[in-house]
Amino acid sequence: MTESSSPPLADLLHAAVTAVGGTERPGQTAMAEAVAEAIDDSSHLLVQAGTGTGKSLGYLVPALAQGERVVVATATLALQRQLVERDLPRTVEALHPLLRRRPEFAMLKGRSNYLCLHRLHEGVPQEDADEAGLFDPFEAAAPTSKLGKDLLRLRDWADEAETGDRDDLTPGVSDRAWSQVSVTSRECLGASKCAYGAECFAEAARERAKLAEVVVTNHALLAIDAIEGAPVLPGHEVLIVDEAHELVSRVTGVATGELTPGQVNRAVRRAAKLVNEKAADALQTAAETFERLMELALPGRLEEIPEDLGYALMALRDASRTVISALGTTRDSSVQDEDAVRKQALGSVESILQVAERIVEGSEFDVVWYERHDRFGASLRVAPLSVSGLLREKLFEDRSVVLTSATLKLGGDFNGVAASLGLKPESPQDPEGEGDVAPRWKGLDVGSPFDYAKQGILYVAKHLAQPGREGSRSDMLDELTELVEAAGGRTLGLFSSMRAAQAAAEELRGRLDVPILLQGEETLGELIRAFAADAKTCLFGTLSLWQGVDVPGPSCQLVVMDRVPFPRPDDPLMSARQKAVEEAGGNGFMAVAATHAALLMAQGAGRLVRASGDRGIVAVLDPRVERARYGSFLRKSMPDFWYTTDRNQVRRSLAAIDAAAKADGA
């Protein structure tokens with residue numbers, strides 16, 4: 001659609017907002033205009049849009065108006081579902097009379113999110129079935145077991161499912177059950193070779209995406225599409241990244257490789273029945289050597305690969321190559337459904353080859369470290385030192401990119417987040433046409449419809465002792481007890497570690513007569529529902545609560561952060577990134593540790609005010625936010641609440657808020 005024939009953006013936005021029962025807001029209008037301008041001139045845009053702005057329509061309306069294919073990538077399932085089930089259907093219907101077309105939209109996820117009919121009907125390959133316990137006599141004789149019930153329900157659901165998408169199955173099933181009816185992209189036979197290819201749910205989702213004008217996906221699939229060079233998303237002219245503060249973390253996750261003894265041994269078992277004895281023995285020997293080394297592995301970064309580990313990885317690499325070659329030439333008619341078994345074995349061995357080869361090559365742009373888990377043992381991991389160059393090269397070429405979130409400005413500007421994405425500081429872009437021209441972009445903060453200064457207080461308990469690395473903080477627990485008591489419950493406790501959350505929950509359960517829920521004692525969804533349902537209830541937990549709780553109203557009137565959530569000092573990847581910045585002449589602490597903490601604190605503080613009638617206090621029980629040099633950077637990264645360090649004022653305010661809530665019947 002040409003610009004001359006396109007209806008005015010203001011008319012389109014008004015129609016869409018009316019359709020969803022919303023209210024037009026100045027910030028939403030400003031965002032829509034900026035998105036339209038970025039798309040029109042093929043530039044890039046970072047938009048900070050506070051809670052309540054209506055940012056989904058702020059980008060959907062101008063994206064639909066321009067008539068080109070758009071990919072929208074989100075970080076959370078909740079937003080994906082909101083877009084596909086609520087925002088897009090209503091918006092498309094509202095814009096149809098004005099645009100004189102009805103844009104199609106579709107959701108696309110990774111293959112393992114869809115039920116695999118081949119796996120469902122033909123069963124799990126023998127090795128995996130044995131590991132999963134499907135041939136355990138107790139499981140076989142107990143169709144009433146949880147796993148048995150889940151598998152029977154999945155079989156029934158497959159006959160009526162429209163999409164085969166795991167998230168459309170209600171209630172859900174365990175990860176263990178789902179793994180029996182799904183495959184990864186490496187394990188998939190491909191539509192042309194699979195007996196069920198014509199009915200494949202994952203292939204059907206891809207076909208719908210090819211025909212759609214708007215494709216809603218997730219950050220992980222976007223990263224795979226960009227990094228691995230095998231396109232999984234249809235070609236598109238516009239990319240919109242919602243919840244963009246999560247993008248670097250998700251891309252890093254996709255670009256991270258891992259080797260574990262269990263993973264290697266599974267690959268050996270899968271390949272052994274399909275290749276000659278010599279190839280299988282070589283891989284088995286390499287696996288045993290690797291496993292012996294991993295038994296002695298101590299957690300931490302490997303700045304240089306130890307000689308014995310290097311030899312073990314080269315042996316794994318070489319043996320994997322031999323097995324992959326043999327898998328392509330041998331056939332065994334005695335193996336039932338050999339194609340599926342072969343594809344699974346090939347995927348397993350290719351994964352080992354890829355990671356072993358990457359570590360052996362020893363790129364200066366990779367970080368390698370050991371991790372040790374109490375339950376799963378040791379693992380060897382490799383991740384990129386930075387994904388900024390990767391994102392700059394793969395994300396910002398040949399399309400207009402809009403990145404939006406409620407938290408993109410840290411310390412008062414966009415430059416920190418922009419740098420992590422591979423964008424240079426916001427400034428005129430090389431007007432003389434010389435040198436390294438960075439992608440053109442601009443930042444826009446459209447604010448929030450909420451009056452943070454009147455709706456909330458940011459309180460820093462500067463009188464407390466500075467938290468140390470170890471040991472209990474009795475003064476912090478005393479302060480927390482008094483705050484929760486003054487608030488009458490109504491508290492979301494955000495802790496920097498699970499150990500701290502557990503200690504606080506145990507202590508306060510003995511001191512106060514209010515229900516205290518603890519993350520891990522029930523599913524996160526159930527905990528949040530229980531927290532929202534009873535105003536006296538408190539909810540304590542760690543990372544996923546900092547970003548995943550949306551409870552407007554009187555149930556959440558006090559948000560407490562126990563300490564500044566800096567990365568662990570022994571985090572190999574974060575410490576390596578910090579060191580790299582320092583070696584380049586920058587401030588590694590501010591660029592990495594403080595930025596990481598600021599992003600989490602901004603997200604955590606954002607849990608307080610979720611609606612225009614919300615009132616409350618964000619309490620940070622770490623005096624460094626007031627005393628340390630970087631304290632102002634952290635405070636500027638949070639919503640513009642009224643700021644105080646006066647503990648008595650805060651207690652009076654909490655008591656007043658509690659009294660008002662009780663008077664309203666909450």
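The model discussed here is a predicted one. In it, the protein chain is built from 28 helices and 18 strands. Its radius of gyration is 27 Å, close to the 26 Å that the globule rule gives for 666 residues, so the chain is as compact as a globular protein of that length. The C-alpha trace extends over about 75 × 65 × 65 Å along its principal axes. Burial is found for 51% of the 666 residues. The accessible surface amounts to about 30,700 Å², and carbon and sulfur atoms account for 49% of that area. Contacts reach well along the sequence: when residues at least 6 apart are considered, 77% of the contacts join residues at least 24 apart.

One of the sheets is open and has seven strands in the order 3-4-2-5-10-1-11, with parallel pairing. Its edges are held by strand 3 (105-107) and strand 11 (441-445); each has a single partner strand, so one side of each is left without a neighbour in the sheet. From one strand to the next, the twist averages 15 degrees. Within this sheet, strand 5 (residues 238-242) runs parallel to strand 10 and is joined to it by five bridges. Helix 4 (residues 77-99) lies across strand 2 (70-74), strand 3, strand 4 (214-218) and strand 5. The angle between helix 4 and strand 4 is about 165 degrees.

Strand 10 also contains Thr 404. With a relative accessible area of 0%, Thr 404 falls under the 20% cut-off and is therefore buried. Its surroundings can be listed by setting aside neighbours within four places in sequence. On that basis, the contacts of Thr 404 include Met 31, Val 47, Ala 49, Lys 55 and Tyr 59. Val 241, Asp 242, Glu 243 and Ala 244 are likewise in contact with Thr 404.

Strand 12 (residues 456-460) pairs with strand 17 (residues 616-620) in the parallel sense, over five bridges. Among the residues involved, Ile 457 has Ile 617 in strand 17 as its bridge partner.

The buried residues of helix 8 are Leu 147, Gly 148, Asp 150, Leu 154, Trp 157 and Ala 158. In the loop between helix 8 (146-160) and helix 9 (175-179) sits Pro 171. The peptide bond joining Thr 170 and Pro 171 is cis, with omega at about -10 degrees.

Asp 398 is not a glycine, yet it has a positive phi of about 70 degrees. Asp 398 lies in the loop between helix 17 (388-395) and strand 10 (400-405). Its relative accessible area of 76% is over the 50% cut-off, so Asp 398 counts as exposed. Arg 490, also not a glycine, has a positive phi of about 55 degrees. Arg 490 is found in the loop between helix 20 (474-487) and strand 13 (491-494). Here the relative accessibility is 2%, which is under the 20% cut-off, so Arg 490 counts as buried.

Note on methods:
Residues numbered from 1 in each chain as written. Predicted model: local features only at pLDDT ≥ 70, side-chain atom pairs only at ≥ 80, totals over all residues. Heavy atoms only, no water. Helix = DSSP H or I, 4+ residues; strand = E, 2+ residues; numbered from the N terminus. Buried < 20%, exposed > 50% of the residue type's maximum accessible area, 1.4 Å probe, protein only. Pairing = 2+ DSSP bridges. Axes fitted to C-alpha atoms, helices over the stretch in contact; angles between N-to-C directions. Contact = heavy atoms within 4.5 Å. Rg over C-alpha atoms; globule rule 2.2 N^0.38 Å. Areas by Shrake-Rupley, 256 points an atom, 1.4 Å probe, with all protein chains shown as cover.
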